[in-house]
Each structure stands twice: as C-alpha cells, then as structure tokens.
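Have the structure open and follow along.

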Amino acid sequence: MKLDKIPATVVTGFLGSGKTTLLAGILRQITGKRIAVIVNEFGEQDIDSSLLRGCALGCDEGSEEARASAFDEDGGIFELANGCICCTVEEEFLPVMKKLVARRDDIDHILIETSGLALPKPLVQAFNWPEVRQHCTVDAIITVVDGPAVAAGRYASDVDQVEAQRRADDSLDHNPSLRELLDDQLSAADLVLVSKSDLLSADERQRVEALVADKVPASVKTLFIDPSLADDPARLEALMGIGAASEEGIDRIDNHHDRHHAEGAHHDHAHDHFDGVVIRLDEVDAEALEARLAELLKAHEIYRAKGFAAIPGKPMRRVIQAVGERLDGYYDRLWAQDEPRHTELVIIGRSLDREALHATLTTAETATPA
Ligand SMILES: Nc1nc2c(ncn2[C@@H]2O[C@H](COP(=O)(O)OP(=O)(O)OP(=O)(O)O)[C@@H](O)[C@H]2O)c(=O)[nH]1
C-alpha cells in the first residue's frame, strides 16, 4: 500500500490561455507515470476532455493495461461538467477526489484543469477535507496567463465573455470581471506560466512581466512558455513536479544537467531556458532546511525544489517540496535497513549556481560528515 501522498497539480488560468495545450503536451510526453486528470469543462461540451482523453495514464501501448485496471470506466479523465469547479466543490470535486483516493495505489499524480472562470482558492481548500488531506497533497497551483491577451490589455476591459459564460450556466455563483479573475488566479499561484510567448514581441513580454511581477510575491516565479516546451519531456516533467522526489527522477535531472553543461548547450527557444541541479546532503534539521529553502526561493530564480530529507532520530524519510511560497514536508516511508540516510533535493530554475545553493543548504545539516 502507498504511504506517500498523491501530489495534485492544479492548472488554472483564463479561458483560452493554453491550459489544455499544456496538459495535453504533458500527457503525450510523460511515460511510465500514472496520471489521473480532472478537467472542469464548464459549458464547453467535452472539448478539452476529448483532447486529453487517450493521453491520461500515458499514450503508449504499454500503459493500456494500467489504464484498463485503474480506470475502467473513464480512461483516467474525470470531467466535472456541471458547473464551475469552484462553485461545485462539494457536489462535484470531492466525490471525484474520494474516488481517486480509493484507487491511490494506481495513481502517481493528479492533474486538475480548472475552468477558465474558476477561482482556485475554494478548490485548494477542499484539499483540507480529512478524507482528501490524508492521502493527497497540493503539489502546486500553476496559473497560465495568456501572454498576448494581457499584453493587449484584454484583461482590463473585456467583461462580456464572462457575462456570456455566466448566462450559459446557472451554477456559476460568482460574477468576476476578467481583472478580478486574473488577480485571483495570480494571487493563488505558486508558479506563473505565460503562454504563447512565440507571439510576443520583446516590448510586450516586458509589459506582461511587469504586470505579473506587480501581483505576485518574490518567491513566485514567472516563466514564458511556447509549444516547443512540449518537446522537452525531462524539463516539462520537472517543471510540473511529476516524479521529481523519486530516485529515478533525481538521477534524470542530474544526468540532464551534466550533459547540458558538457555540451555548452545554447537555446534559442522563445520559452525561458531552465535547468535543474541536484543537491546532496547528510542528515538535516527539518525546520532549518525549510527556512533555508524559503530564503533561496526568494533570492534565486528557482521554479521549484523537490526531494527527500533524512531527519535525525526519525525512522521515516521526509519528502520536501517547495514552489513559490508553498513549502511542504511529510514523512512518506521508512528508510530501508541497508539504505544510506541522506538528503537529496532537485532544484529547478534558471542560472542556478550549484555551489551557492549547496553552501546555503549545507548549514541545515546536523552533523559534519566524517
Ligand atoms: N501560438 C501559440 N498558441 C497557443 C499556445 N498555447 C495554446 N495555444 C493556442 O491557444 C488556443 C487555446 O488553447 P487551450 O489550450 O485550449 O486553452 P485553455 O486554457 O485550455 O482554454 P479553455 O479550456 O477554453 O479555458 C488554442 O488554439 C491553442 O492552440 C502557445 O504557446 N502558442
């Protein structure tokens, strides 16, 4: 039986901002991970779920069996089509989460795409319900911002779309303006992805960057993405926090970093370049580690940190994950008898200085290695 919690990534962002494109890219690329997807259609008649369907739990042939055993009826995609997810948390979202919790041995990660009109906070609060909290954890709230729409000032003025959607569905209790929605979605964000950066000029990019920076704290980072990100599974997976706390995930990032630097890689993608480093430490003080991580998240261009820690006197290892202002830790499993008790963290970001990060984190170690 699984002792660790299933991480859930919430992807929010306004209508048409690129949430489904991002999720479909992830589901197409990621292999060997069993991913359940909750998608909140809200008046769109199945479009998003049909795009995603067939990709959940992997698109490759090898996953067919896993799909059949884990999600007989639904293929891994759970549609919440009866209204905006934040207005129907109790009736719609919780029952699906309970269903997933019951099948937790078959699920590695949950991806949730909210409707473009949803306010993410009520959804996140639902993770505090006892049945859900015990087995699931919010990995990150990722807010997708439509770069060209923000650059063109559409969020400030175009309230008509919201009105039209609201009239189309009685269960939408709130009536936010686009500006309010953007503010709310940004204030909940642990990480902001600005989509369609391939369509932005340098000036527009700066405008969007300034607008977002004005609304999020220093720890919450903004990354510009375009469709080419979908061709880069290692970094896409790392960015989304999928599998990064596993030994295998850590090795992949480590190898990718070393190869990348050995090749002196040059990227001219429209999306921001980002990379991962692995930090290895001995036993650490849990509080000190979290405090050091919080400092680093503010001071460096870190998109997320994930891994596990050995805490003195604790027979179980502690999973650590940090993104934006979200810093979580929980004990997931016993250290095996022949397993060395050590701490390993993957840090994903831009222009990362491994030595500097190590120098800060090593102060959380409780004993100097022999
Ligand atoms: N040029 C460009 N187009 C993009 C990008 N991401 C998404 N799109 C396009 O933007 C449109 C909307 O994308 P979706 O992924 O459906 O957006 P969404 O946020 O899921 O939309 P809703 O489900 O309506 O809320 C589609 O036509 C995509 O092909 C991008 O990075 N660059």
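## A facing pair in the sheet

Let's start with a glycine: Gly-307 sits opposite Ile-320 in strand S10. Before going on, a word on what you're looking at. This is a predicted model, where local features need pLDDT of at least 70, side-chain atom pairs count only at pLDDT 80 or more, and totals for chains, interfaces and linings use all residues. Residue numbers run from 1 along each chain as its sequence is written.

Strand S9 (residues 302–309) and S10 pair in the antiparallel sense, over five bridges. Strands here are DSSP runs of E with at least two residues, helices are runs of H or I with at least four, and both are numbered from the N terminus. Two strands count as paired if DSSP finds at least two bridges between them. S9 and S10 make a hairpin with six residues between them, and Gly-313 in that turn has a positive phi of about 80°.

## S10 and its other neighbour

What about the other partner? S10 also pairs with strand S11 (residues 326–334), again antiparallel, over eight bridges. Gln-321 stands opposite Asp-328 in S11, and Ala-322 has Leu-327 as its bridge partner there. Two residues separate the strands of this hairpin, and Gly-324 takes a positive phi near 55°.

Why is S10 largely enclosed by the rest of the structure? Six of the eight residues of S10 (residues 316–323) are buried. Buried means 20 or more other C-beta atoms within 10 Å of the residue's own, exposed means 12 or fewer, and partly exposed is in between, with C-beta atoms placed from the backbone.

## The whole sheet

Zoom out and you get an open sheet of five strands, ordered S8-S12-S9-S10-S11, with antiparallel pairing. Its edge strands are S8 (275–281) and S11, each pairing on one side only. From one strand to the next, the twist averages 15°. Angles run from 0 to 180 degrees between N-to-C directions, using axes fitted to C-alpha atoms, for helices over the stretch in contact.

Helix H15 (residues 354–361) lies across S8 and strand S12 (343–349), at about 35° to S8. Contact between two residues means that their C-beta atoms, placed from the backbone, lie within 7 Å.

## Two domains

The protein splits into domain 1 (6–234) and domain 2 (244–364), with bounds that come from an automatic or database domain assignment. Across the divide, 20 residues of domain 1 are in contact with 20 residues of domain 2. On the domain 1 side, strand S5 (136–146) and strand S7 (221–224) are the elements giving two or more residues.

## Pro-7

Now over to Pro-7, which sits in strand S1 (residues 6–13). Is Pro-7 buried or exposed? Pro-7 is buried, with 25 other C-beta atoms within 10 Å. Leaving out residues up to four places away in sequence, Pro-7 touches His-109, Thr-137, Asp-139 and Gly-241. Pro-7 and His-109 are 102 residues apart in sequence, but 5.3 Å apart in space, C-alpha to C-alpha.

## Around the ligand

Which residues are closest to the ligand? Of the 16 residues surrounding the ligand, the closest are Gly-18, Lys-19, Thr-20, Thr-21 and Gly-116. A residue is near a molecule if its C-beta atom, placed from the backbone, lies within 6 Å of it. Helix H1 (residues 19–29) gives the most to this shell, with three residues.
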